[in-house]
Amino acid sequence: MAVERTLSIIKPDATARNVTGKINALFEDGGLRIVAQKRLRLTEEQAKKFYAVHAERPFYGELVAYMVSGPVVAQVLEGEDAVTRNRAIMGATNPANAADGTVRKAFGLNVQENAVHGSDSPENAAIEIRFFFSDLEVVG
Ligand code: ADP
């Protein structure tokens, strides 16, 4: 297994409920290290661009509105097999289907307001990290 980096976002439902620290404890306990982090409010244009891959899905408009509804925490997680490891710690997209002990089981509200985003491949991780961070801002 190689050391990888992946892009994580703590979404507006979780920042609103003040649980960013509890969520990050699960990432850290799961073997991931936060090597970059910023709290920001996405513009509609940025949210549309970030989720452009979902533009044809029926929930796209709702998803964009939700992602701009409050602050998010964008972060880079580093560790062995970080992309897959992060997805395992996050749990299934729908919190109702997420395994016990996962972030989405503990903190997700529903299939849309599901607390966290995580890159789904190393290729997308590189693109998504670049969306939020410059090389100078990622410090392992
Ligand atoms: P994941 O975030 O687990 O990779 P997807 O890439 O399929 O899942 O979806 C991206 C995001 O879109 C989800 O995390 C969730 O916030 C939202 N989403 C997915 N499916 C639905 C749905 N059926 N209705 C509303 N929002 C959804």
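A word on how to read the numbers. This is a predicted model, in which local features need pLDDT of at least 70 and side-chain atom pairs count only at pLDDT 80 or more, while totals for chains, interfaces and linings use all residues. Residues are numbered from 1 along each chain as its sequence is written, and side-chain values use heavy atoms, with hydrogens and water left out.

## Around the ligand

Which residues surround the ligand? They are Lys11, His54, Arg57, Phe59, Leu63, Arg87, Thr93, Arg104, Val111, Gln112 and Asn114, where a residue counts as near if one of its heavy atoms lies within 4 Å. By class, this shell has 3 nonpolar, 4 polar and 4 charged residues. Here Ala, Val, Leu, Ile, Met, Phe, Trp, Tyr, Cys and Pro count as nonpolar, Asp, Glu, Lys and Arg as charged, and the others, Gly among them, as polar.

Taken alone, the ligand exposes 540 Å², and the protein buries 79% of that. Accessible areas like this come from the Shrake-Rupley method with a 1.4 Å probe.

## Two residues with positive phi

Most residues other than glycine have a negative phi. Asp81 is not a glycine, yet its phi is positive, about 55 degrees. Its place is in the loop between β3 (72–80) and α5 (82–90); helices (H or I, at least four residues) and strands (E, at least two) are DSSP runs, numbered from the N terminus.

Ala115 also has a positive phi, about 75 degrees, without being a glycine. This residue lies in the loop between α6 (103–107) and β4 (116–118).

Are these two buried or exposed? Asp81 counts as partly exposed because its relative accessibility is 24%, and Ala115 counts as buried because its value is 0%. The cut-offs are under 20% relative accessible area for buried, over 50% for exposed, and partly exposed in between.

## Contacts along the chain

Gln75 lies in strand β3 and is buried, with a relative accessible area of 0%. Its side chain makes a polar contact (a pair of N or O atoms within 3.5 Å, one able to donate a hydrogen and the other to accept it within protein) with the side chain of Gln37, at 3.0 Å.

Ala82 lies in helix α5 and is buried at 0% relative accessibility. How far apart in space are Ala82 and Val3? Their C-alpha atoms are 6.9 Å apart, although 79 residues separate them in sequence.

Gly30 is found in the loop between α2 (20–29) and β2 (33–40). The C-alpha atoms of Gly30 and Ala88 are separated by 9.3 Å, with the two residues 58 apart along the chain.

Note on methods: Buried < 20%, exposed > 50% of the residue type's maximum accessible area, 1.4 Å probe, protein only.
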